[in-house]
Amino acid sequence: AQDCAVPDMTAHHNERADLMGKFSTDRQPYDDVVVTTPVSLPYVRFSDQTAHWWIGRALRALVDGSGIAARDIDGFCLSSFTAAPDTAIGLAEHLGLSVRWLDHVPLGGASGITGIRRAARAVQSGDCDVVACIGADTNQRGSFGNTLANFSRFSQDAVYPYGAGGTNASFALIARNYMEKFNVSREDLGRIAVAQRSNALKNPNALMKEPLTIDQYMNARSIADPIHLFDCVMPCAGAEAVLVMRQDTARACGIAGAKLRSSIERHNARSIDLMQTSGGWVEDADELYSMAGVRPDDIDVVQTYDDYPVICMMQMEDLGFCKKGEGAEFVRSHDLRIEGDFPHNTSGGQLSCGQAGAGGSYLGLTEAVRQVLGTAGDTQVDRANLALVSGFGMMTYTKGLSSCAVILSGDSA
């Protein structure tokens, strides 16, 4: 057998970085693109219905909410784990959609933002006019285990054989490393979960209906230390959806829309890190704000992807609300409730609403659209004109591979 030497890729990566710098151009703004008609179907802990049923109900709600007939929806973007083996094309047939632009985004918690980014460019270019973006999953008895078992080849080959049965163990590693490196206590992370529960009590669709105290959080049973019960989301069934279109289309239809001011997306960032302490947001946050023409201090309401509180804290740092390592002090010195000085995950987030599979990637988006349009009801933040939403997904063993974010605004921003 011949010896096979692994090539040194350093020079290749440096050369690629130089080329990217040479040929990259300023990104085009999302002029006149709006996100409209936010739909949130009430979640249930378990459902005997299929994912297809939930997706169909979400589409019907988009049609009813916008007044746009299904035959006039000419773009469709879908994210769903439990629709398998069907993808977006199968659902287009089931739902009677004849579209000229189609996408299926299988990026977990990054799916929603990635989906509306792609849809925005499609309507901006004229490839289609109205895109239905839907994230939905069912939660039948045993379906969560099925999703987990088939989540990725990496998990099947390199994680499960060693006895790690799911994401809790992997996030426990990330959380422990993060807490030790940056002097973060469980009580610091608990502040995030407790504030979100307070917000959820104003959201009639949230599954968690009881208040949560810091003592209850601290004394909850351990799941995979330092992850305890209230650090974890509860799998459920549900759907979230929006329409993406040009502003002139929305105005012609009499629909209010949130302006898409900027967005970023990054996959497999910081691959040399042995254990994740930052996501892809840290690579592109400056571009997110410069494209929108705003600064972090200008943001009125923040919706981070909250599969675990430690990831929320990581996003607060990486998105520029505080420096790396200052997340603990940030949550100690700010009120994260709806009425507070840093309104965060105002619907209650997945930690208190539940995680409807890929629908969870749209939860912050639908809430943010309502916030900047002033239609959030009891969860409405006073004078919320600018909203930031971030996504995170596709967990391996020591990191999530996908990160993204958008900034949305209302008419007065």
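What we have is a predicted model, where local features need pLDDT of at least 70, side-chain atom pairs count only at pLDDT 80 or more, and totals for chains, interfaces and linings use all residues. Residues are numbered from 1 along each chain as its sequence is written, and side-chain values use heavy atoms, with hydrogens and water left out.

So, the overall picture. The protein has 15 helices and eleven strands; those are DSSP runs numbered from the N terminus, H or I of at least four residues for helices and E of at least two for strands. Its radius of gyration is 21 Å, close to the 22 Å the globule rule gives for 413 residues, so the protein is as compact as a globular protein of that length. That radius is taken over C-alpha atoms, and the rule is 2.2 Å times the number of residues to the power 0.38. If you like boxes, the C-alpha atoms fill one of roughly 60 × 55 × 45 Å along the principal axes.

How much of it is buried? Of the 413 residues, 54%. Buried here means under 20% relative accessible area, with a 1.4 Å probe and protein chains only. Then contacts, meaning heavy atoms within 4.5 Å: among those between residues at least 6 apart in sequence, 77% join residues at least 24 apart.

Now let's zoom in on Ser 352. You'll find it in helix α14, residues 349-353, and it's buried, with a relative accessible area of 1%. What does Ser 352 touch, leaving out residues up to four places away in sequence? The list is Gln 196, Arg 197, Ala 200, Ala 206, Leu 207 and Met 208.

Last stop, strand β11, residues 400-409. Nine of its ten residues are buried, so the strand is largely enclosed by the rest of the structure. Strands count as paired if DSSP finds at least two bridges between them. One partner is β8, residues 257-267, which pairs with β11 in the antiparallel sense over eight bridges; there, Ser 263 has Val 406 of β11 as its bridge partner. Another is β10, residues 386-395, also running antiparallel to β11, with nine bridges joining them. In that pairing, Leu 388 stands opposite Ile 407 of β11. To get from β10 to β11, the chain goes through a hairpin of four residues.

That's my tour, thanks.

Conventions. Buried < 20%, exposed > 50% of the residue type's maximum accessible area, 1.4 Å probe, protein only.
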